[in-house]
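Me: Please take me through this model in questions and answers. Keep it brisk.

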Amino acid sequence: MTTLPLRIFEGQALNYTQVWRASVFSNFLNPVLYLTAMGIGLGSLVDRNPSAEFGGLDYLVWLAPGLLAATGMQSGAGEGSFPIMAGLKWIKTFPAIMNTPVSVTDLLVGLLSWIGVRLIMICTIFAGVLVIFDAADIGRALLAIFPAVLTGLAFAAPMAAFTSWIEDDTGLTMVFRFGIVPLFLFSGTFFPIEQLPDLLEGLAYATPLFHGVELTRAAALGIESALPVWQHVTYLVVLFAIGARLAQRNLTKKLRP
Amino acid sequence: MNESLVTARGLTKRFDDLTAVDGVDFDIQRGEVFGFLGPNGAGKSSIMRMIGATSPITAGTLTVFGLDPYADGREIRSRLGVVPQENMLDEELRVRDNLYIYGRYFSLPRKVINERIEDLLAFAHLEDKRTAKVEHLSGGMKRRLTIARALINEPELILLDEPTTGLDPQARHILWDRLYRLKQQGSTLIITTHYMDEAEQLCDRLVVMDQGRIVAEGSPRSLIEEHSHREVLELRFPVGTQESALLKLDGLAPRQETLADRVLLYVDDADRALAEVSARGLQAESAVVRRSTLEDVFLRLTGRSLVE
């Protein structure tokens, strides 16, 4: 067993020390802004028209875990893309690391572990905001961190695979514009997917964020998820595993030509 | 006693339909400075990456420290110091942190790294820059930092890919001085370069490469003796008159190269040749007498010049 992935983790953490203040601040500000605008602003209108669709809950309470899962997705996709592109092409830390005893697998394991820790940080801050907004009690807010982190990892690994496959960052912009943003809007984050036309509703079931939202909402609110928990979890774990395997293959092609 | 650190037989590297390295043989001994001299695209960097165990070989055999780079890549890399063609420093980190984290990738303990960092900063003349961000360093400083980084694991063999390309003359001389020190400490160095002066200054032995093949091998002096004459007379004629001048030069030198802008006469005594040119009534715009260099060897062997 090699400890080299830990060294990669240490390197990522060293880089993070350069930016941690701004990073933590934006990780806090982001949920505050969303919950204020959507939860309180929009929610006050929604709540005038009580609907069984939200299980008798305030819109803010119903929305908040969905946003937590969506934040996991966006953070995971972000951490799995631009930092990888920087390491491969912009700053070229990865090719430099390849001249040390570190292997491609060590590198990938270290990177994904670091992304996992970053996701825990981001989702924990979000969970804190949930409590501040009285959208969940502390115990449930903490429990909701796990599915949100899993959602993030399920996006981070495939994004890392994609990023190490493409040659430049135009592909990344496309993925965010035509992949991440529609998922964010139509995966049950802002409204139940039953509100969608049947065809789109079926499509929503197939998207990974839907499973993340269902799990996170079930954890935060103590309600039933659409499918059994193990099915949602399996979907996300399989996505992560496929992504990690492809990332290893693509990174090897790039870094061991 | 000779101990071979790197041995290659029929070493080949192909990328899809491009053959970058085409069946080369060489042996590199402990304690020597070995050079790969050739123009861009000759296959030098591909050889370096294969020796560095970061790029698998396509065919032939290659051993480094007697080990197989494919099976024992981790072990080989732990004993190598690599100065890549591009610095690949972490520009957002401080000078010191670049050395520190690189040492960690070799699993060195913090204490050991911190001791070595002081020595390496002194070696690289970067003591005053330890807390500067790399992005604020000059090109020469970044190059020296890259060399310092390659030494963090006290390597047995140091690979330098185009160590001074892109640097101004003063920065190059500082760098050569540092590399000379490593040589005097008994380090084994492998250098690729397309600068003949660099190869002449630093290398005990070198191979001349062209289009993936080795076209000559030896010490700089022996290569010049074998493939060129002692001296060169470079003549430049007024525009449009080189053609007619060539007729009058006929038979003057044992070997003659005609370039677009000048004529090179390879002779044993260039001063005497210059006198003969005047005696034949030729008026050169400029005449330079110099010793033969590896550039002339390369021109002789390939018909092209090193830097195009």
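Reply: Angles under 35 degrees count as roughly parallel, over 145 as roughly antiparallel, 65 to 115 as roughly perpendicular and the rest as oblique. This is a predicted model, so local features need pLDDT of at least 70 and side-chain atom pairs count only at pLDDT 80 or more, while totals for chains, interfaces and linings use all residues. Residues are numbered from 1 along each chain as its sequence is written, and chains are lettered from A and ligands numbered from 1 in the order in which they are written.

Me: How are helix 2 and helix 6 of chain A oriented to each other?
Reply: Helix 2 (residues 20–46) of chain A packs on helix 6 of chain A at an angle of about 40 degrees, with the axes 9 Å apart. Axes are lines fitted to C-alpha atoms, for helices over the stretch in contact, and angles run from 0 to 180 degrees between N-to-C directions. Helices (H or I, at least four residues) and strands (E, at least two) are DSSP runs, numbered from the N terminus. Helix 2 and helix 6 of chain A are therefore oblique.

Me: What classes of residue make up the contact of helix 2 with helix 6 of chain A?
Reply: Residues including Phe28(A) and Leu35(A) in helix 2 of chain A meet residues including Ile122(A) and Phe126(A) in helix 6 of chain A. Contact means C-beta atoms, placed from the backbone, within 7 Å. Ala, Val, Leu, Ile, Met, Phe, Trp, Tyr, Cys and Pro count as nonpolar, Asp, Glu, Lys and Arg as charged, and the others, Gly among them, as polar. The division is 10 nonpolar, 1 polar and no charged.

Me: At what angle does helix 6 of chain A pack on helix 11 of chain A?
Reply: Helix 6 (residues 104–132) and helix 11 (residues 229–255) of chain A have their axes 10 Å apart. They are oblique to each other. Their packing angle is about 130 degrees.

Me: Which element gives the largest share of the side of chain A that touches chain B?
Reply: 22 residues of chain A are in contact with 22 residues of chain B. Helix 1 (4–16) and helix 5 (93–97) of chain A each give two or more residues to this side. The largest share, 6 residues, comes from helix 1 of chain A.

Me: Which residue stands opposite Arg9(B)?
Reply: Strand 1 (residues 4–15) and strand 4 of chain B run antiparallel, joined by 5 bridges. In strand 4 of chain B, the residue opposite Arg9(B) is Thr61(B).

Me: Which residue in the turn between strand 8 and strand 9 of chain B has a positive phi?
Reply: Strand 8 (residues 205–210) and strand 9 (residues 213–218) of chain B are joined by 5 bridges. Val208(B) has Ala216(B) as its bridge partner. The hairpin leaves 2 residues between the strands, and the one with a positive phi, about 50 degrees, is Gln211(B).

Note on methods
Two residues are in contact if their C-beta atoms, placed from the backbone, lie within 7 Å. Two strands pair if DSSP finds at least two bridges between them.
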